[in-house]
Amino acid sequence: MDFFDFHHHKKFIRNGIYNLEINQIPPDYPYSIGIHPHDIDITDIEKQFSWMKDMIFQNCFAIGECGLDSLVSIDQKIQEEVFLRQIRIANEIKKPMIIHCVRKFYEVISLKKKTEQPMIIHGFNKKHQIAEDLLANNFYLSFGKAVLYNLSLQDILKKAPLDKIFLETDNEDFNIEELYHKASEIKKISLEHLNEQILENLHTIKNG
């Protein structure tokens with residue numbers, strides 16, 4: 001059984017969504033493209049947006065990762081402007097968005113009103129209340145390696161609707177199959193059912 005890796009940074013994984021780094025050339029399999037808050041170059045942001053627009057090809061699955069990060073030195077207002085521009089691009093090309101968010105969840109929830117495109121919080125690893133608020137605002141949650149050992153996160157995954165979740169390795173070095181096994185155990189469903197549902201979720205965010 002092939003297990004889809006929703007968000008990863010490894011070029012050798014083809015069954016998933018590869019996170020394209022700034023100034024890279026896209027691969028011939030699904031990828032996401034965006035300007036991460038960490039990568040914003042305030043001296044040449046137009047060049048970054050030019051690269052981004054030029055590299056949106058047929059295999060582009062999503063815009064991202066992009067979002068807001070309170071720990072980054074880039075001014076929050078600039079981060080919001082860059083994020084908003086990427087929301088507009090997602091609107092134009094009708095692609096879902098993979099969201100990076102650090103301590104700015106309610107700002108991201110507010111900005112979601114600017115788009116009808118699905119937003120997926122990648123690597124979700126926060127408290128129950130944040131998960132509930134995100135789900136109530138129609139976000140998807142993508143879970144990573146922390147689910148293997150974090151009991152609180154396991155409880156969040158257990159309660160999250162099946163049609164609102166994804167699983168990912170991000171840039172961690174482990175096998176995605178291990179995460180699928182753990183998630184199926186937490187959700188008390190078969191591996192086949194979990195795999196089918198995640199593929200269905202992918203279809204939903206891709207096709208609306």
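**Notes on the model**

1. Let's start with Glu 65, which sits in strand E4, residues 60-69 (helices, H or I, are DSSP runs of at least four residues and strands, E, of at least two, numbered from the N terminus).

2. A word on the ground rules. This is a predicted model, where local features need pLDDT of at least 70 and side-chain atom pairs count only at pLDDT 80 or more, while totals for chains, interfaces and linings use all residues. Residues are numbered from 1 along each chain as its sequence is written, and side-chain values use heavy atoms, leaving out hydrogens and water.

3. Now for the aromatics: the whole structure has five aromatic pairs (ring centres of Phe, Tyr or the six-membered ring of Trp within 6.5 Å; stacked means planes under 30 degrees apart, edge-to-face over 60, tilted the rest). One of them is Phe 6 with Phe 166, a stacked pair at 4.3 Å centre to centre with 20 degrees between the planes. Phe 6 comes from strand E1 (residues 5-8) and Phe 166 from strand E8 (residues 165-167), so this pair ties together distant parts of the chain, 160 residues apart. Phe 6 is buried at 1% relative accessibility (buried is under 20% relative accessible area, exposed over 50%, partly exposed in between, with a 1.4 Å probe and protein chains only). Phe 166 is buried too, at 0%.

4. Phe 166 has another partner, Tyr 140: the rings are tilted, 5.7 Å centre to centre and 35 degrees between the planes. Tyr 140 belongs to strand E7 (residues 140-143), and this pair also links distant parts of the chain, 26 residues apart. Tyr 140 and Phe 166 are both buried. Put together, Phe 6, Tyr 140 and Phe 166 make one aromatic cluster.

5. Have a look at Gln 86 in helix H2, residues 76-93. Gln 86 has a relative accessible area of 1%, so it counts as buried. Leaving aside residues up to four places away in sequence, Gln 86 touches Gly 34, Ile 35, Phe 49, Met 52, Ile 63, Cys 66 and Met 97 (contact means heavy atoms within 4.5 Å).

6. Two backbone spots to check by eye. Lys 94 is not a glycine, yet its phi is positive, about 55 degrees. You'll find Lys 94 in the loop between H2 and strand E5 (97-102), exposed at 58% relative accessible area. Asp 170 also has a positive phi, near 55 degrees. That residue is in the loop between E8 and H6, and at 19% relative accessibility Asp 170 counts as buried.

7. Last, the helix pair. The axes of H5 (residues 151-159) and H6 (residues 176-187) come within 9 Å and cross at roughly 65 degrees (axes are lines fitted to C-alpha atoms over the stretch in contact, with angles from 0 to 180 degrees between N-to-C directions). H5 and H6 are therefore roughly perpendicular (65 to 115 degrees; under 35 is roughly parallel, over 145 roughly antiparallel, the rest oblique). From H5, Gln 154, Leu 157, Lys 158 and Lys 159 meet Lys 182, Ala 183, Ile 186 and Lys 187 of H6.
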